[in-house]
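Me: I have a structure open and would like to learn how to read it. Could you take me through it feature by feature?

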Amino acid sequence: MSGRESLAGPALVWFRDDHRLSDNPALSAAVDSGAPLLCLYILDESSQGVRPLGGAARWWLHGSLDALDRSLRELGNRLVIFQGPAEEVVDRLVETTNPSGVYWNRRYQAAEIAVDRAIKARLTARGIAVRSFNGRLLHEPWQVRNRAGRPFQVFTPYLRAVSAMPVAPPLPRPREIRAGGWPSSLLDSSRSLADLRLEPENPNWAAPFTGLWQRGEQAAQERLSTFLEEGLPGYASRRDVPAAEATSRLSPHLRFGEIGPRQIWHAATARADGRETDTAKFLSEVVWRDFCHQQLHDNPDLATAPCNPRFAHFRWAGDNAALEAWRRGLTGYPIVDAGMRQLWRTGWMHNRVRMIVASFLVKHLLTDWRQGEAWFWDTLLDADAANNAFNWQWVAGSGPDSAPFHRIFNPVSQGEKFDPDGAYVRAYVPELADLPSPFVHRPWDAPGDVLRRAGIAPGENYPRPIVDHGAARERALGAFRALRDAQ
Ligand code: FAD
(Lines give C-alpha, C1' and ligand atoms only; values in the text may rest on other atoms or scores of the structure.)
Protein backbone atom coordinates (compact mmCIF):
# COMPACT_ATOMS: atom_id res chain seq x y z
CA MET A 1 0.00 0.00 0.00
CA SER A 2 1.40 3.42 -0.95
CA GLY A 3 1.90 6.13 1.66
CA ARG A 4 -1.09 8.07 0.34
CA GLU A 5 -3.46 5.09 0.56
CA SER A 6 -2.38 4.47 4.15
CA LEU A 7 -3.77 7.92 5.04
CA ALA A 8 -7.13 6.29 4.36
CA GLY A 9 -8.66 9.20 2.44
CA PRO A 10 -11.80 8.16 0.57
CA ALA A 11 -11.75 6.83 -2.95
CA LEU A 12 -13.48 9.43 -5.06
CA VAL A 13 -15.93 8.08 -7.65
CA TRP A 14 -16.97 10.70 -10.15
CA PHE A 15 -20.27 9.72 -11.85
CA ARG A 16 -20.73 11.15 -15.36
CA ASP A 17 -23.35 9.64 -17.67
CA ASP A 18 -22.96 6.28 -15.91
CA HIS A 19 -25.77 6.54 -13.38
CA ARG A 20 -25.92 2.93 -12.28
CA LEU A 21 -24.41 0.61 -9.70
CA SER A 22 -24.30 -2.59 -11.73
CA ASP A 23 -21.72 -2.99 -14.50
CA ASN A 24 -20.07 0.25 -13.47
CA PRO A 25 -16.33 -0.45 -13.76
CA ALA A 26 -15.17 2.75 -12.05
CA LEU A 27 -17.46 2.14 -9.09
CA SER A 28 -16.50 -1.53 -8.79
CA ALA A 29 -12.77 -0.74 -8.88
CA ALA A 30 -13.19 1.93 -6.20
CA VAL A 31 -15.14 -0.49 -3.98
CA ASP A 32 -12.45 -3.12 -4.54
CA SER A 33 -9.77 -0.67 -3.38
CA GLY A 34 -11.15 -1.18 0.14
CA ALA A 35 -11.35 2.57 0.84
CA PRO A 36 -14.61 4.24 1.85
CA LEU A 37 -16.18 6.07 -1.06
CA LEU A 38 -17.09 9.65 -1.82
CA CYS A 39 -19.64 9.43 -4.67
CA LEU A 40 -19.65 12.61 -6.64
CA TYR A 41 -21.62 14.31 -9.40
CA ILE A 42 -20.60 17.67 -10.90
CA LEU A 43 -22.98 19.73 -13.01
CA ASP A 44 -20.39 21.46 -15.17
CA GLU A 45 -21.82 23.84 -17.72
CA SER A 46 -18.99 26.35 -17.61
CA SER A 47 -15.77 24.56 -18.51
CA GLN A 48 -14.38 25.71 -21.83
CA GLY A 49 -16.34 24.22 -24.74
CA VAL A 50 -18.67 22.01 -22.67
CA ARG A 51 -22.10 21.97 -24.33
CA PRO A 52 -24.91 22.66 -21.85
CA LEU A 53 -27.65 20.03 -21.83
CA GLY A 54 -30.91 20.71 -23.59
CA GLY A 55 -34.15 21.18 -21.68
CA ALA A 56 -35.53 17.65 -22.08
CA ALA A 57 -32.24 16.02 -21.14
CA ARG A 58 -32.05 18.21 -18.01
CA TRP A 59 -35.45 16.86 -16.97
CA TRP A 60 -34.21 13.30 -17.39
CA LEU A 61 -30.98 14.08 -15.55
CA HIS A 62 -32.94 15.18 -12.47
CA GLY A 63 -34.72 11.85 -12.14
CA SER A 64 -31.59 9.95 -13.02
CA LEU A 65 -29.53 11.57 -10.25
CA ASP A 66 -32.38 11.18 -7.79
CA ALA A 67 -32.58 7.45 -8.53
CA LEU A 68 -28.80 7.07 -8.31
CA ASP A 69 -28.75 8.76 -4.92
CA ARG A 70 -31.51 6.48 -3.66
CA SER A 71 -29.67 3.37 -4.85
CA LEU A 72 -26.45 4.55 -3.18
CA ARG A 73 -28.30 5.17 0.08
CA GLU A 74 -29.67 1.63 0.03
CA LEU A 75 -26.06 0.43 0.08
CA GLY A 76 -24.85 2.79 2.80
CA ASN A 77 -23.66 5.78 0.80
CA ARG A 78 -25.10 8.82 -0.98
CA LEU A 79 -24.50 11.11 -3.94
CA VAL A 80 -22.73 14.42 -3.22
CA ILE A 81 -23.49 17.05 -5.84
CA PHE A 82 -21.46 20.08 -6.87
CA GLN A 83 -21.89 22.67 -9.58
CA GLY A 84 -19.23 24.59 -11.50
CA PRO A 85 -16.10 24.00 -13.54
CA ALA A 86 -15.05 20.42 -12.81
CA GLU A 87 -11.35 21.28 -12.45
CA GLU A 88 -12.08 23.74 -9.65
CA VAL A 89 -14.49 21.38 -7.90
CA VAL A 90 -12.07 18.46 -7.98
CA ASP A 91 -9.21 20.68 -6.75
CA ARG A 92 -11.31 21.73 -3.76
CA LEU A 93 -12.31 18.15 -3.00
CA VAL A 94 -8.71 17.00 -3.13
CA GLU A 95 -7.77 19.69 -0.61
CA THR A 96 -10.53 18.69 1.80
CA THR A 97 -10.52 14.93 1.47
CA ASN A 98 -7.01 13.88 0.42
CA PRO A 99 -8.42 11.01 -1.67
CA SER A 100 -6.66 7.68 -1.91
CA GLY A 101 -7.60 7.54 -5.59
CA VAL A 102 -9.97 9.00 -8.17
CA TYR A 103 -12.13 6.76 -10.38
CA TRP A 104 -14.24 7.56 -13.43
CA ASN A 105 -15.64 6.08 -16.61
CA ARG A 106 -14.45 7.75 -19.81
CA ARG A 107 -16.24 10.39 -21.86
CA TYR A 108 -15.93 11.07 -25.60
CA GLN A 109 -16.71 14.72 -26.34
CA ALA A 110 -13.59 16.76 -27.06
CA ALA A 111 -14.25 19.39 -24.37
CA GLU A 112 -14.89 16.72 -21.74
CA ILE A 113 -11.77 14.81 -22.75
CA ALA A 114 -9.78 18.04 -22.34
CA VAL A 115 -11.22 18.59 -18.85
CA ASP A 116 -10.45 15.01 -17.84
CA ARG A 117 -6.90 15.22 -19.18
CA ALA A 118 -6.21 18.44 -17.29
CA ILE A 119 -7.60 17.01 -14.05
CA LYS A 120 -5.70 13.78 -14.45
CA ALA A 121 -2.43 15.67 -14.99
CA ARG A 122 -2.96 17.78 -11.86
CA LEU A 123 -3.90 14.80 -9.71
CA THR A 124 -1.04 12.67 -10.97
CA ALA A 125 1.39 15.50 -10.23
CA ARG A 126 0.14 15.44 -6.64
CA GLY A 127 0.68 11.70 -6.44
CA ILE A 128 -3.01 10.81 -6.58
CA ALA A 129 -3.79 7.84 -8.80
CA VAL A 130 -6.52 8.35 -11.41
CA ARG A 131 -8.09 5.24 -12.86
CA SER A 132 -10.40 5.49 -15.85
CA PHE A 133 -12.57 2.79 -17.43
CA ASN A 134 -14.91 2.02 -20.29
CA GLY A 135 -18.37 2.19 -18.79
CA ARG A 136 -20.21 3.52 -21.83
CA LEU A 137 -19.43 1.42 -24.90
CA LEU A 138 -19.09 -2.17 -26.00
CA HIS A 139 -15.58 -1.34 -27.18
CA GLU A 140 -13.45 1.76 -26.96
CA PRO A 141 -13.14 3.71 -30.25
CA TRP A 142 -9.43 2.91 -30.49
CA GLN A 143 -10.01 -0.83 -30.03
CA VAL A 144 -11.91 -1.30 -33.31
CA ARG A 145 -9.57 -0.80 -36.24
CA ASN A 146 -9.35 -2.07 -39.82
CA ARG A 147 -6.43 -4.18 -41.09
CA ALA A 148 -4.41 -1.07 -41.73
CA GLY A 149 -4.91 -0.08 -38.10
CA ARG A 150 -7.14 2.85 -39.06
CA PRO A 151 -10.69 3.66 -37.90
CA PHE A 152 -13.54 2.27 -39.98
CA GLN A 153 -15.40 4.89 -42.02
CA VAL A 154 -18.22 2.58 -43.07
CA PHE A 155 -20.61 0.80 -40.73
CA THR A 156 -20.91 -2.66 -42.33
CA PRO A 157 -17.22 -3.63 -42.01
CA TYR A 158 -17.21 -2.05 -38.54
CA LEU A 159 -20.12 -4.28 -37.55
CA ARG A 160 -18.35 -7.30 -39.00
CA ALA A 161 -15.20 -6.52 -37.01
CA VAL A 162 -17.15 -5.96 -33.79
CA SER A 163 -19.13 -9.17 -34.25
CA ALA A 164 -15.86 -11.12 -34.01
CA MET A 165 -14.80 -9.39 -30.78
CA PRO A 166 -15.79 -10.72 -27.37
CA VAL A 167 -17.88 -8.37 -25.22
CA ALA A 168 -16.73 -8.22 -21.61
CA PRO A 169 -19.30 -9.71 -19.22
CA PRO A 170 -21.12 -7.14 -17.10
CA LEU A 171 -19.93 -6.55 -13.53
CA PRO A 172 -22.22 -7.30 -10.61
CA ARG A 173 -23.74 -4.59 -8.45
CA PRO A 174 -21.58 -4.07 -5.33
CA ARG A 175 -23.15 -5.48 -2.16
CA GLU A 176 -22.07 -2.58 0.01
CA ILE A 177 -20.71 0.88 -0.78
CA ARG A 178 -19.08 2.12 2.41
CA ALA A 179 -19.11 5.89 2.98
CA GLY A 180 -16.75 8.01 5.02
CA GLY A 181 -13.25 9.39 5.07
CA TRP A 182 -14.46 12.91 4.34
CA PRO A 183 -15.42 15.73 6.72
CA SER A 184 -19.13 16.48 7.03
CA SER A 185 -18.26 20.15 6.37
CA LEU A 186 -17.76 19.07 2.77
CA LEU A 187 -21.51 19.07 2.40
CA ASP A 188 -21.62 22.81 3.14
CA SER A 189 -20.29 23.59 -0.31
CA SER A 190 -22.34 20.88 -2.04
CA ARG A 191 -25.68 21.44 -3.72
CA SER A 192 -28.98 19.68 -3.34
CA LEU A 193 -30.56 18.18 -6.42
CA ALA A 194 -33.29 20.84 -6.23
CA ASP A 195 -30.59 23.57 -6.27
CA LEU A 196 -29.64 22.51 -9.79
CA ARG A 197 -33.10 23.44 -11.05
CA LEU A 198 -33.01 20.81 -13.75
CA GLU A 199 -36.76 20.35 -13.99
CA PRO A 200 -38.80 23.14 -15.61
CA GLU A 201 -41.20 25.26 -13.56
CA ASN A 202 -43.71 27.87 -14.65
CA PRO A 203 -44.57 26.44 -17.05
CA ASN A 204 -43.78 22.84 -16.25
CA TRP A 205 -43.79 21.71 -19.87
CA ALA A 206 -42.32 18.36 -18.83
CA ALA A 207 -45.39 17.35 -16.79
CA PRO A 208 -46.62 14.90 -19.47
CA PHE A 209 -43.25 13.12 -19.44
CA THR A 210 -43.84 11.92 -15.89
CA GLY A 211 -46.60 9.55 -16.95
CA LEU A 212 -44.62 8.28 -19.92
CA TRP A 213 -41.16 7.63 -18.58
CA GLN A 214 -39.58 6.14 -15.46
CA ARG A 215 -36.01 7.29 -14.91
CA GLY A 216 -33.20 5.41 -13.20
CA GLU A 217 -31.35 2.10 -13.23
CA GLN A 218 -34.19 -0.07 -11.99
CA ALA A 219 -36.57 1.34 -14.59
CA ALA A 220 -33.94 0.71 -17.29
CA GLN A 221 -33.60 -2.92 -16.25
CA GLU A 222 -37.37 -3.34 -16.21
CA ARG A 223 -37.66 -1.82 -19.67
CA LEU A 224 -34.98 -4.15 -21.00
CA SER A 225 -36.74 -7.21 -19.52
CA THR A 226 -40.11 -6.18 -20.94
CA PHE A 227 -38.59 -5.49 -24.33
CA LEU A 228 -36.75 -8.81 -24.49
CA GLU A 229 -39.94 -10.60 -23.55
CA GLU A 230 -42.48 -8.69 -25.64
CA GLY A 231 -40.71 -6.46 -28.18
CA LEU A 232 -37.77 -8.45 -29.43
CA PRO A 233 -39.81 -11.17 -31.17
CA GLY A 234 -40.54 -9.54 -34.52
CA TYR A 235 -38.19 -6.58 -33.92
CA ALA A 236 -36.45 -6.95 -37.30
CA SER A 237 -39.69 -6.59 -39.25
CA ARG A 238 -41.62 -4.23 -36.95
CA ARG A 239 -38.92 -1.78 -35.86
CA ASP A 240 -39.65 0.55 -38.80
CA VAL A 241 -43.37 0.84 -38.05
CA PRO A 242 -43.78 3.84 -35.75
CA ALA A 243 -47.27 2.91 -34.53
CA ALA A 244 -46.13 -0.58 -33.53
CA GLU A 245 -44.06 0.67 -30.58
CA ALA A 246 -41.78 -2.26 -31.34
CA THR A 247 -38.43 -0.78 -30.36
CA SER A 248 -36.87 -0.87 -26.90
CA ARG A 249 -37.04 2.85 -25.96
CA LEU A 250 -33.89 2.28 -24.01
CA SER A 251 -32.21 5.32 -25.62
CA PRO A 252 -32.59 7.81 -22.74
CA HIS A 253 -31.49 5.14 -20.25
CA LEU A 254 -28.41 4.44 -22.39
CA ARG A 255 -27.77 8.16 -22.79
CA PHE A 256 -27.49 8.63 -19.04
CA GLY A 257 -25.78 5.31 -18.43
CA GLU A 258 -28.61 3.89 -16.35
CA ILE A 259 -27.92 0.73 -18.27
CA GLY A 260 -24.76 -0.20 -20.13
CA PRO A 261 -24.51 -1.69 -23.64
CA ARG A 262 -22.64 -4.74 -22.33
CA GLN A 263 -25.60 -5.53 -20.06
CA ILE A 264 -27.93 -5.28 -23.05
CA TRP A 265 -25.61 -7.35 -25.20
CA HIS A 266 -25.37 -10.23 -22.76
CA ALA A 267 -29.05 -10.18 -21.74
CA ALA A 268 -30.17 -10.26 -25.38
CA THR A 269 -27.61 -12.88 -26.40
CA ALA A 270 -28.66 -15.16 -23.55
CA ARG A 271 -32.20 -15.22 -24.94
CA ALA A 272 -31.31 -15.34 -28.63
CA ASP A 273 -32.32 -18.97 -29.17
CA GLY A 274 -35.06 -19.09 -31.82
CA ARG A 275 -34.94 -15.34 -32.44
CA GLU A 276 -31.50 -14.99 -33.95
CA THR A 277 -32.54 -12.56 -36.69
CA ASP A 278 -34.34 -10.22 -34.30
CA THR A 279 -31.50 -10.34 -31.79
CA ALA A 280 -28.83 -9.69 -34.43
CA LYS A 281 -30.79 -6.71 -35.78
CA PHE A 282 -31.34 -5.26 -32.33
CA LEU A 283 -27.70 -5.67 -31.32
CA SER A 284 -26.56 -4.14 -34.60
CA GLU A 285 -28.42 -0.98 -33.52
CA VAL A 286 -26.49 -1.01 -30.26
CA VAL A 287 -23.33 -1.32 -32.36
CA TRP A 288 -24.43 1.75 -34.37
CA ARG A 289 -24.27 3.61 -31.10
CA ASP A 290 -20.64 2.53 -30.59
CA PHE A 291 -19.90 3.49 -34.21
CA CYS A 292 -21.33 6.98 -33.63
CA HIS A 293 -19.08 7.34 -30.59
CA GLN A 294 -16.08 6.29 -32.61
CA GLN A 295 -16.98 8.95 -35.17
CA LEU A 296 -17.31 11.57 -32.45
CA HIS A 297 -13.98 10.54 -31.00
CA ASP A 298 -12.29 10.85 -34.39
CA ASN A 299 -14.22 13.99 -35.46
CA PRO A 300 -14.39 16.23 -32.38
CA ASP A 301 -16.45 18.83 -34.31
CA LEU A 302 -19.09 16.31 -35.35
CA ALA A 303 -21.97 18.54 -34.17
CA THR A 304 -20.66 21.74 -35.73
CA ALA A 305 -18.69 20.97 -38.89
CA PRO A 306 -19.54 18.70 -41.83
CA CYS A 307 -17.17 15.71 -41.95
CA ASN A 308 -17.10 16.12 -45.72
CA PRO A 309 -15.54 19.62 -45.98
CA ARG A 310 -17.22 20.14 -49.35
CA PHE A 311 -20.51 20.70 -47.50
CA ALA A 312 -19.08 23.73 -45.72
CA HIS A 313 -19.98 25.67 -48.90
CA PHE A 314 -23.54 24.36 -49.24
CA ARG A 315 -26.05 27.13 -49.97
CA TRP A 316 -28.84 26.74 -47.41
CA ALA A 317 -32.10 28.58 -47.95
CA GLY A 318 -32.22 30.00 -44.41
CA ASP A 319 -36.02 30.26 -44.31
CA ASN A 320 -36.90 30.90 -40.66
CA ALA A 321 -40.67 30.62 -41.14
CA ALA A 322 -40.25 27.14 -42.65
CA LEU A 323 -37.92 26.12 -39.81
CA GLU A 324 -40.52 27.26 -37.27
CA ALA A 325 -43.29 25.32 -39.07
CA TRP A 326 -41.08 22.22 -38.94
CA ARG A 327 -40.36 22.64 -35.23
CA ARG A 328 -44.04 23.03 -34.42
CA GLY A 329 -45.26 20.18 -36.62
CA LEU A 330 -47.14 22.44 -39.02
CA THR A 331 -45.58 21.61 -42.39
CA GLY A 332 -48.74 20.14 -43.92
CA TYR A 333 -46.99 16.77 -44.41
CA PRO A 334 -48.74 14.47 -41.92
CA ILE A 335 -45.88 12.07 -41.14
CA VAL A 336 -43.48 14.97 -40.58
CA ASP A 337 -45.95 16.80 -38.37
CA ALA A 338 -46.75 13.65 -36.38
CA GLY A 339 -43.03 13.07 -35.72
CA MET A 340 -42.33 16.63 -34.62
CA ARG A 341 -45.35 16.59 -32.32
CA GLN A 342 -44.40 13.20 -30.87
CA LEU A 343 -41.02 14.74 -30.07
CA TRP A 344 -42.54 17.79 -28.40
CA ARG A 345 -45.16 15.85 -26.49
CA THR A 346 -43.13 12.83 -25.37
CA GLY A 347 -39.44 13.86 -25.61
CA TRP A 348 -38.77 10.99 -28.01
CA MET A 349 -39.34 10.15 -31.67
CA HIS A 350 -39.34 6.88 -33.55
CA ASN A 351 -36.13 6.26 -35.53
CA ARG A 352 -37.78 5.92 -38.96
CA VAL A 353 -39.62 9.20 -38.38
CA ARG A 354 -36.43 10.89 -37.17
CA MET A 355 -34.95 10.07 -40.56
CA ILE A 356 -38.02 11.38 -42.42
CA VAL A 357 -38.24 14.68 -40.52
CA ALA A 358 -34.49 15.23 -40.74
CA SER A 359 -34.48 14.60 -44.47
CA PHE A 360 -37.47 16.93 -44.87
CA LEU A 361 -35.70 19.75 -43.01
CA VAL A 362 -32.41 19.40 -44.84
CA LYS A 363 -33.65 18.61 -48.32
CA HIS A 364 -37.23 19.85 -48.73
CA LEU A 365 -36.64 22.99 -46.68
CA LEU A 366 -32.95 23.29 -47.59
CA THR A 367 -32.19 24.15 -43.99
CA ASP A 368 -28.77 23.66 -42.42
CA TRP A 369 -28.71 20.30 -40.59
CA ARG A 370 -27.16 22.04 -37.55
CA GLN A 371 -30.50 23.78 -36.95
CA GLY A 372 -32.18 20.38 -36.73
CA GLU A 373 -29.41 18.94 -34.59
CA ALA A 374 -29.80 21.85 -32.16
CA TRP A 375 -33.60 21.43 -31.96
CA PHE A 376 -33.24 17.71 -31.28
CA TRP A 377 -30.53 18.49 -28.73
CA ASP A 378 -32.99 20.65 -26.82
CA THR A 379 -36.09 18.49 -27.13
CA LEU A 380 -34.93 14.85 -27.06
CA LEU A 381 -34.69 13.06 -23.75
CA ASP A 382 -32.01 10.87 -25.31
CA ALA A 383 -30.11 13.82 -26.88
CA ASP A 384 -26.66 12.39 -27.27
CA ALA A 385 -23.56 14.17 -28.59
CA ALA A 386 -22.48 11.21 -30.70
CA ASN A 387 -25.77 9.69 -31.92
CA ASN A 388 -27.47 12.98 -32.66
CA ALA A 389 -24.67 14.69 -34.54
CA PHE A 390 -23.68 11.56 -36.47
CA ASN A 391 -27.24 10.78 -37.56
CA TRP A 392 -27.88 14.35 -38.68
CA GLN A 393 -24.73 14.27 -40.79
CA TRP A 394 -25.79 10.86 -42.10
CA VAL A 395 -29.13 12.24 -43.28
CA ALA A 396 -27.56 15.43 -44.64
CA GLY A 397 -25.06 13.43 -46.69
CA SER A 398 -22.03 15.13 -45.14
CA GLY A 399 -20.95 12.32 -42.81
CA PRO A 400 -18.29 9.70 -43.39
CA ASP A 401 -20.77 6.88 -44.07
CA SER A 402 -23.83 8.77 -45.24
CA ALA A 403 -26.87 8.32 -47.37
CA PRO A 404 -25.98 10.21 -50.58
CA PHE A 405 -27.47 13.70 -50.75
CA HIS A 406 -29.47 12.89 -53.85
CA ARG A 407 -31.44 10.19 -51.97
CA ILE A 408 -34.42 12.25 -50.85
CA PHE A 409 -37.17 10.71 -48.74
CA ASN A 410 -40.64 11.27 -50.11
CA PRO A 411 -42.72 12.05 -46.99
CA VAL A 412 -45.90 10.75 -48.60
CA SER A 413 -44.62 7.37 -49.77
CA GLN A 414 -42.64 6.93 -46.53
CA GLY A 415 -45.83 7.56 -44.58
CA GLU A 416 -47.85 5.18 -46.74
CA LYS A 417 -45.21 2.48 -46.45
CA PHE A 418 -44.51 2.60 -42.74
CA ASP A 419 -47.81 3.92 -41.39
CA PRO A 420 -50.22 2.39 -43.91
CA ASP A 421 -53.43 2.88 -41.95
CA GLY A 422 -52.30 6.22 -40.52
CA ALA A 423 -52.42 5.07 -36.89
CA TYR A 424 -49.29 7.03 -36.03
CA VAL A 425 -50.47 10.19 -37.76
CA ARG A 426 -53.89 9.96 -36.10
CA ALA A 427 -52.25 9.58 -32.67
CA TYR A 428 -50.23 12.80 -32.95
CA VAL A 429 -52.15 14.94 -35.44
CA PRO A 430 -55.70 14.80 -34.09
CA GLU A 431 -56.89 17.22 -36.80
CA LEU A 432 -56.52 14.33 -39.26
CA ALA A 433 -57.98 11.60 -37.03
CA ASP A 434 -61.16 11.19 -39.08
CA LEU A 435 -59.58 11.27 -42.51
CA PRO A 436 -59.98 7.95 -44.38
CA SER A 437 -56.73 5.99 -44.73
CA PRO A 438 -56.18 6.57 -48.47
CA PHE A 439 -55.84 10.31 -47.75
CA VAL A 440 -54.24 10.39 -44.36
CA HIS A 441 -50.76 10.97 -45.81
CA ARG A 442 -52.00 13.23 -48.61
CA PRO A 443 -54.93 15.30 -47.33
CA TRP A 444 -54.64 17.69 -50.30
CA ASP A 445 -55.88 14.88 -52.59
CA ALA A 446 -59.05 14.31 -50.58
CA PRO A 447 -62.29 15.51 -52.25
CA GLY A 448 -64.04 18.44 -50.60
CA ASP A 449 -66.85 16.36 -49.09
CA VAL A 450 -64.37 13.88 -47.57
CA LEU A 451 -62.47 16.78 -45.98
CA ARG A 452 -65.69 18.32 -44.69
CA ARG A 453 -66.86 15.05 -43.13
CA ALA A 454 -63.44 14.70 -41.46
CA GLY A 455 -63.74 18.27 -40.13
CA ILE A 456 -60.70 19.53 -42.05
CA ALA A 457 -60.52 23.00 -43.51
CA PRO A 458 -57.17 23.12 -45.41
CA GLY A 459 -55.15 26.17 -44.48
CA GLU A 460 -57.40 26.82 -41.46
CA ASN A 461 -57.25 23.92 -39.03
CA TYR A 462 -54.52 21.98 -40.81
CA PRO A 463 -51.88 23.66 -42.99
CA ARG A 464 -51.53 23.18 -46.69
CA PRO A 465 -48.06 21.75 -47.54
CA ILE A 466 -45.49 24.49 -47.00
CA VAL A 467 -43.50 23.23 -50.00
CA ASP A 468 -44.43 21.17 -53.04
CA HIS A 469 -42.61 17.83 -52.87
CA GLY A 470 -41.56 17.74 -56.54
CA ALA A 471 -40.37 21.36 -56.64
CA ALA A 472 -38.55 21.02 -53.31
CA ARG A 473 -36.82 17.89 -54.54
CA GLU A 474 -35.62 19.64 -57.70
CA ARG A 475 -34.41 22.63 -55.67
CA ALA A 476 -32.40 20.33 -53.37
CA LEU A 477 -30.87 18.42 -56.26
CA GLY A 478 -30.00 21.71 -57.94
CA ALA A 479 -28.27 22.99 -54.82
CA PHE A 480 -26.34 19.75 -54.57
CA ARG A 481 -25.29 19.89 -58.23
CA ALA A 482 -24.15 23.48 -57.76
CA LEU A 483 -22.01 22.38 -54.82
CA ARG A 484 -20.53 19.50 -56.78
CA ASP A 485 -19.81 21.59 -59.86
CA ALA A 486 -18.17 24.34 -57.81
CA GLN A 487 -15.45 21.98 -56.53
P1 FAD B 1 -33.89 0.56 -30.52
O2 FAD B 1 -34.31 0.28 -31.91
O3 FAD B 1 -34.49 -0.25 -29.45
O4 FAD B 1 -32.30 0.42 -30.50
C5 FAD B 1 -31.56 0.12 -29.31
C6 FAD B 1 -30.50 1.17 -29.08
O7 FAD B 1 -29.58 1.21 -30.16
C8 FAD B 1 -31.03 2.58 -28.97
O9 FAD B 1 -31.53 2.85 -27.68
C10 FAD B 1 -29.80 3.41 -29.32
O11 FAD B 1 -28.95 3.59 -28.22
C12 FAD B 1 -29.11 2.55 -30.35
N13 FAD B 1 -29.48 3.00 -31.68
C14 FAD B 1 -30.58 2.66 -32.40
N15 FAD B 1 -30.56 3.28 -33.60
C16 FAD B 1 -29.44 4.03 -33.62
C17 FAD B 1 -28.86 4.90 -34.58
N18 FAD B 1 -29.41 5.14 -35.78
N19 FAD B 1 -27.71 5.53 -34.25
C20 FAD B 1 -27.12 5.32 -33.06
N21 FAD B 1 -27.62 4.51 -32.12
C22 FAD B 1 -28.76 3.87 -32.40
N23 FAD B 1 -30.26 8.31 -30.76
C24 FAD B 1 -29.93 8.72 -29.52
O25 FAD B 1 -29.76 7.90 -28.62
N26 FAD B 1 -29.76 10.06 -29.25
C27 FAD B 1 -29.93 11.01 -30.20
O28 FAD B 1 -29.75 12.20 -29.91
C29 FAD B 1 -30.31 10.60 -31.50
N30 FAD B 1 -30.54 11.51 -32.48
C31 FAD B 1 -30.91 11.08 -33.74
C32 FAD B 1 -31.10 12.03 -34.75
C33 FAD B 1 -31.49 11.61 -36.02
C34 FAD B 1 -31.68 12.64 -37.11
C35 FAD B 1 -31.69 10.25 -36.30
C36 FAD B 1 -32.10 9.79 -37.67
C37 FAD B 1 -31.48 9.31 -35.31
C38 FAD B 1 -31.08 9.70 -34.03
N39 FAD B 1 -30.85 8.76 -33.00
C40 FAD B 1 -30.47 9.20 -31.76
C41 FAD B 1 -30.84 7.31 -33.28
C42 FAD B 1 -32.16 6.56 -33.08
O43 FAD B 1 -33.21 7.24 -33.69
C44 FAD B 1 -32.48 6.34 -31.60
O45 FAD B 1 -31.37 5.83 -30.91
C46 FAD B 1 -33.64 5.35 -31.46
O47 FAD B 1 -34.77 5.83 -32.13
C48 FAD B 1 -33.95 5.15 -29.98
O49 FAD B 1 -35.06 4.33 -29.83
P50 FAD B 1 -34.95 2.90 -29.17
O51 FAD B 1 -34.16 2.99 -27.90
O52 FAD B 1 -36.32 2.36 -29.08
O53 FAD B 1 -34.10 2.12 -30.26
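Reply: Gladly! By class, 12 nonpolar, seven polar and eight charged residues make up the shell around the ligand. Here Ala, Val, Leu, Ile, Met, Phe, Trp, Tyr, Cys and Pro count as nonpolar, Asp, Glu, Lys and Arg as charged, and the others, Gly among them, as polar. Do keep in mind that this is a predicted model, where local features need pLDDT of at least 70, side-chain atom pairs count only at pLDDT 80 or more, and totals for chains, interfaces and linings use all residues. Residues are numbered from 1 along each chain as its sequence is written.

Me: Which residues are the closest to the ligand?

Reply: A residue is near a molecule if its C-beta atom, placed from the backbone, lies within 6 Å of it. Here 27 residues surround the ligand, and the closest are Thr247, Ser248, Asn351, Asn388 and Asn391.

Me: Where does the ligand lie relative to the domains?

Reply: Domain bounds come from an automatic or database domain assignment. Domain 2 (137–170 + 216–298) and domain 3 (309–486) both give residues to the shell, so the ligand lies between them.

Me: And how do I read a sheet?

Reply: Strands of a sheet pair through backbone hydrogen bonds, either parallel or antiparallel. Two strands pair if DSSP finds at least two bridges between them; strands are DSSP runs (E, at least two residues), numbered from the N terminus. This open sheet has five strands in the order E3-E2-E1-E4-E5, with parallel pairing. Strand E3 (79–83) and strand E5 (130–133) are the edge strands, each pairing on one side only. Strand E4 (residues 101–105) pairs with E5 over four bridges.
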